[in-house]
Structures are given as structure tokens and as C-alpha cells.
Amino acid sequence: METICDETASADVEKTAAGFRVRSSVVASQAKIHARYGGVVPEVAARNHVGAIIPVVDRALRQAKIKPKALDRIAVTAGPGLITSLLVGVQTAKAFALAWKTPLVPINHLRAHVYAAWLPMEIQKAKGKRQKLGKIKFPVVALVVSGGHTELVLMKNARNFKMLGQTLDDAAGEAFDKTAKILGLSYPGGPQVAKLAQRGNPQAVAFPRPMLGSGDLNFSFSGLKTAVLYHVKGRRVSPRETNDLCASIQAAIVDSLVPKTVAAATKYRAKTVVLAGGVAANRRLRERLGNAVSDHKLDFRVPDFSYCTDNAAMIAAAGYFGKPKDWRNIKVDANLPITQ
Ligand code: KG4
Ligand code: ZN
């Protein structure tokens, strides 16, 4: 179960010998409601979670054709996120755990984004043949890019997360969302910018790619927002120019992320690079990072599109990597870091 922000989600995932099987994955998004305000309003999000959570859990169970008694664990996101949203999921999960006598596992949302790469992913091969990917090899360097986080982490094994670098200000997703807002696009901005970028010229405007020469593995995106603001200030922007701006913004963000991820992978002798989080749904980022990683002869993993943005299949998968805890001792933590 997942309620960190403005998506109420529930899924049933089964651990199999080969990995995971997703039996159902239900996501009820409030994006349309928050679009009216230009961003997520915490109070409104929490109220909508209250209304959605039980029907969403019920639907996930029905679609999976599974009885509550047959569940061996309940996994629920305990942080990081909006505190009032998190509380709805955690309190509901506690009630279910108590009523059904099912072990409850608290989940770190950021780790779950990374575990989404362990969910089934079928790649389409030439001549329509499908091929399953092999096991993920460690060490893994993961780039987690979401609406609130941009982090590079090293995993020596599936339960060991070490922070290598992070954004010093805005997250990559935030950079997409804030620049989209400046251009008058609707919330959430990332998918909108990506869509219009397809029809634009990525070299139209040379927006900054800060920190590339910083010698560390950190990022910074707040300068991009300011640069876009100054670029369009006090004038009308034509639809054609909007496309060019979107392409240039997307290029600046992708160009900032790719070299440092590759640098981290080489420095820490990673065998696999994982790209995860909502921004991992961005096609240009998937393509650019995928190419750069394979140039270094490393494995590249990115979850299926539906498991990049917030969903509960990744939370359920994370439930198999985590440990059950007495429901009385499970607390929400709005600022839970990926390392805990
Ligand atoms: O992981 P996520 O669904 O929620 C958080 O945990 O924050 O990430 C949401 C972020 C938003 O900033 C959204 O604009 C961005 O992911 N996003 C994208 C795309 N799809 C979602 N950014 C760029 N291109 C996309 N296709
Ligand atoms: Zn997320």
C-alpha cells in the first residue's frame, strides 16, 4: 500500500523462483484535483486518500483473485513523503494487519523505487521475440530521480544503500515541474515537458548544466528554473518556442544526470546501473543513460514505465526485501532517508 503524495495505490505481488509476479497493481491518481492548484495541496491529498484507500485495496485483492487470509505480508510506505498522506496508508495498513493477523512491513519509498527494477520487465526483441532479463548483478549504482529526490546510491547487496551524491537544491522532477509551471503547462509538468520536447529543438537554448565539473557526485537544478524564468520574462512565448524550450530544458536535465551516474558507476566498479523514480519514465533519459552505460559494458536496468512513477507493485516487492515489525512500533517519517 502506498499513499506518500497524491496517488493511492495497492498491489499484489508474488515472489516466485524467477523473481516477482505482479498479480494486480491499482493506482488512483489525484493529479487532476491538484492540477487546479498548480501543485499538491497536502490537506486535500490526505482527504482524498481517506476516501480512496479501502476501495483501492479491495480492487487490488479482487483483481488478483486473492483472499486477505492468503496474504503472507502487508507492505506499507512509511516515508519519506507528506506526513498527512503517509498517515492514511500506515493507519489503514495497521488496521488490516490487526484484523487479518498478517505481518506488516514498513517500506522506504525511495528504496522501493529502486526495487521496481526487480519487477518483471519484458523487453521486445527483434522479430517479436521476447526475452527475459537475467538476475541483477551487484554492486549496483542507482540513480533515483523523483519529484522530491535526486540521489546516486551504491548497493553492495539488495539491502545495503550508501549515499554517493544528491541534489543540493531542487530535485530533477521538481525542475521539470517548476519550469513547466513557468511555461504555463499543467501539473505534473514532467510528462508535459517530455511530450512537447518531442517536437522541439534541444539545442535551441543553451540552459545551464551546473556542477558537471564539481568533482563530486552532487547535482543542482535550481539555476535552471531561474534561467527559464529570465528567458521568458515579460513576453509571450509561441507554441513552437514552447516546444523548443521544453526540448532544451529536458536536454539540460538529462545532460546533468548522465555523466555523474556513469562516473559513479566506474568509480565504484558497479556491474549494474539502475535508473528509478518518476523521472525514469523520461524516454530521453532512459535512452541517453542506457547508451552511456552500455558504452562502459555495464548492465542497465530501468523499470517498466508503469513501475517508474508512484505505484504499489514496487512497495509490495520491497516488502520481500524488508522485515516485518510489530504494528505498534511502526511510525511514519516524512524525511526518511534512503540509507535507513
Ligand atoms: O516518483 P514519482 O512518481 O513521485 C515522487 O515520489 O515524487 O515522481 C514524480 C516526478 C514528477 O516530478 C514528474 O513530473 C516526474 O516524476 N515525471 C517525469 C516524467 N514522468 C513523471 N519527468 C520527466 N519525464 C517524464 N516522462
Ligand atoms: Zn516516488
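I began with the exposure of Arg47, which at 60% relative accessibility counts as exposed, where exposed means over 50% relative accessible area, buried under 20% and partly exposed in between, with a 1.4 Å probe and protein chains only. I am working on a predicted model, in which local features need pLDDT of at least 70, side-chain atom pairs count only at pLDDT 80 or more, and totals for chains, interfaces and linings use all residues. Residues are numbered from 1 along each chain as its sequence is written, chains are lettered from A and ligands numbered from 1 in the order in which they are written, and side-chain values use heavy atoms, with hydrogens and water left out.

I then looked up the partner of Arg47 and found a salt bridge to Glu43 at 2.8 Å, N to O, the term being a side-chain nitrogen of Lys or Arg within 4 Å of a carboxyl oxygen of Asp or Glu. Glu43 is partly exposed at 46%.

Glu174 is partly exposed at 23%, and Lys178 is partly exposed at 29%.

I checked Arg328 next: its salt bridge goes to Asp326, with the closest N and O atoms 2.8 Å apart. Arg328 is exposed at 54%, while Asp326 is partly exposed at 35%. Shared partners join Asp170, Glu174, Lys178 and Lys225 into one salt-bridge network, and the structure holds 12 salt bridges.

I turned to ligand 1, which has 18 residues around it, with His113, Gly147, Asp177, Asn282 and Asp310 coming nearest; a residue counts as near if one of its heavy atoms lies within 4 Å. A polar side-chain atom of Asp177 is 2.6 Å from an oxygen atom of ligand 1, and a polar backbone atom of Gly147 lies 2.8 Å from an oxygen atom of the ligand.

I recorded that the protein covers 87% of the 550 Å² of accessible area that ligand 1 has on its own (Shrake-Rupley method, 1.4 Å probe). Helix H4 (109-115), H5 and helix H6 (189-197) are the elements giving two or more residues to the shell around ligand 1.

Definitions and conventions: Polar contact = N/O pair within 3.5 Å; in protein donor to acceptor, adjacent residues only side chain to side chain. Helix = DSSP H or I, 4+ residues; strand = E, 2+ residues; numbered from the N terminus.
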